[in-house]
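Student: I have a model open and would like to talk it through with you. Shall we take it one question at a time?

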Amino acid sequence: MLNTKDIFETIRMIDDENLDIRTITMGISLLDCADADIHRSCEKIYEKITRCAARLVPVGEELEKMYGIPIINKRIAVTPIAMLVAVSGGNPVLYAQTLERAAQAVGVNFIGGYSALVQKGFSAGDKALIESIPEALATTQHICSSVNIGSTKAGINMDAVKMMGNVIRRCAEITKDHNCIGAAKLVVFCNAPEDNPFMAGAFHGVGEPDCVINVGVSGPGVVRAALAKCPTEDLSTIADVIKKTAFKITRMGQLIGTEASKRLGVPFGIIDLSLAPTPAVGDSVAHIIEEIGIEICGGHGTTAALAMLNDAVKKGGVMASSHVGGLSGAFIPVSEDAGMIAAAENGTLSIEKLEAMTSVCSVGLDMIVVPGDTSAATLSAIIADEAAIGMVNSKTTAVRLIPAIGKQAGEVLEFGGLLGTGPIMPLRNDVSSEKFINRGGRIPAPMQSLKN
Amino acid sequence: MKAVVTVVGKDTVGILAKVSTACVEHNANIIDVTQSVMKDMFTMVMLIDISDLSTDFSALQNGLYALGDKIGMKIHVMHEDIFNSMHHI
């Protein structure tokens, strides 16, 4: 039987603590749409997406009403488009335009999968797709792009790392009149998960079913509110409180995921157990760190506190869900988190500290705005550092940097919406990495890859 | 299928009657009610059966939300599964 206290706890989480389902993401395989004629291929893609996802948005809205829980985004992830380019050849931007039309037709917030997986090398279609990313992102609104340049098994493809530095700069340059938004829709991964429902990195891996529903939950505000009730408790207790809260959040995601899958007639894939912040007040991962006891996020102790948070979220969530996947952990996107923004603005949170934090949390250097004159080689070197952390620690790391063209450290980029406000963070170490990046080649896979 | 209706706000005369009437209009059967008044803060939780609604669930929700606005109370109507899944293993 339900008790009144539990009922009001749930309502308070939703009303006051920003608990929500961040996204229901439908993964759709486009492998059966590949055709040697690019126009025919695009037609098939449009037909398949609008058929499979026709009811995605209405079903999301029905569930929102039924359970009284906001579902912020409805999204689609597709097979990496580079694979279709490999078959059809031609200008990959045509695919981007097709995906954009399909996204608008079904009314989703984002469509991810303008992607290439090049951790060991480039196959047909990969280079053409990567080179087309700036144009594809500048001429569309709903498309997100990702490139996987490394993995624990394969090592790091440094030729791709070099390319991506240039691509990120180009993305920012051609969208400089729109807050360099192109670069905010592009992620560079090491160990990219194939079932991640979160953007900008979502794509539908080749090992996935034809069509699948993945759910990403959110809820930093709920965790922070729970911790606020434990001002003096020791860290074992704090970890326990986080676990219990994560369990509740995830159960709700599981309910929405299974119900969405039933109503859409599509198998349920995974819950991504992530604490995804938004710029809204009270929905910040940085504020959890501060609640645990670091005065300002980025201060000494932040990495340890984040490691505990990330681990406790997983432990609590795992039992609450039948299948867990995606990124699963705490996100630390700077511009999307009110506490991170404040910490970056006052200089406590530096890019170096963020890099350390990425070794214990679920993603990487995310939504960080860097000075507009940052060179492509420096961007590549940052990607290489981050990929090395992911490769050696057998975890996903990602880089989503936005060079603020024409602006300097101390200024801000206003993206608006979920993407928030990005204070431009200085790169303190201004030495050249040009020679290292220009060497190219591959960083061999580490010993950790030899598990068989 | 059951749903939970919660009503919170300043206590006035006839809240239970008005909420019950709104449920009846949609043919929602009231299974259980608990209420408490602390000082003049009124809290009520009502469990209703929504299997034989005369309208659809969202019409019932909209009706109750409109009533909440009218009488100055915060009303929530949510399917019971969200509470069951969150608080029961």
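Student: How many buried residues does strand 2 of chain B have?

Tutor: Good place to begin, and keep in mind that this is a predicted model. Strand 2 of chain B covers residues 29–38, ten residues in total. To count as buried, a residue needs 20 or more other C-beta atoms within 10 Å of its own. Strand 2 of chain B is hardly covered, and its count of buried residues is zero.

Student: How many bridges join strand 2 of chain B to strand 3 of chain B?

Tutor: Strand 3 of chain B takes in residues 41–49, and the two strands run antiparallel. In this pairing, B:Met38 stands opposite B:Met41 of strand 3. The number of bridges joining strand 2 of chain B to strand 3 of chain B is nine.

Student: Which residue in the hairpin of those two strands of chain B takes a positive phi?

Tutor: Look at the turn, where two residues sit between strand 2 and strand 3 of chain B. The phi in question is near 50 degrees, and the residue that takes it is B:Lys39.

Student: What share of the residues in chain B is buried?

Tutor: For scale, the C-alpha trace of chain B spans about 35 × 35 × 20 Å along its principal axes. Among contacts in chain B with a separation of 6 or more, 69% are between residues 24 or more positions apart. Of the 89 residues in chain B, the buried share is 31%.

Student: Over to chain A: what distance separates the centres of its domain 1 and domain 2?

Tutor: Domain 1 of chain A is 23–190, while domain 2 is made of 218–266 + 274–441. Taken over C-alpha atoms, the centres of these two domains of chain A are separated by 22 Å.

Student: Which element gives the most residues to the side of domain 1 of chain A that touches domain 2?

Tutor: The contact takes 37 residues from domain 1 of chain A and 38 from domain 2. Elements giving two or more residues to the domain 1 side include strand 4 (143–151) and helix 7 (158–174) of chain A. By class, that side has 24 nonpolar, seven polar and six charged residues. With eleven residues, the element that gives the most is helix 7 of chain A.

Methods: Residues numbered from 1 in each chain as written. Chains lettered and ligands numbered in written order. Predicted model: local features only at pLDDT ≥ 70, side-chain atom pairs only at ≥ 80, totals over all residues. Buried ≥ 20, exposed ≤ 12 C-beta atoms within 10 Å, placed from the backbone. Helix = DSSP H or I, 4+ residues; strand = E, 2+ residues; numbered from the N terminus. Pairing = 2+ DSSP bridges. Domains from an automatic or database assignment. Contact = placed C-beta atoms within 7 Å. Nonpolar A, V, L, I, M, F, W, Y, C, P; charged D, E, K, R; others polar.
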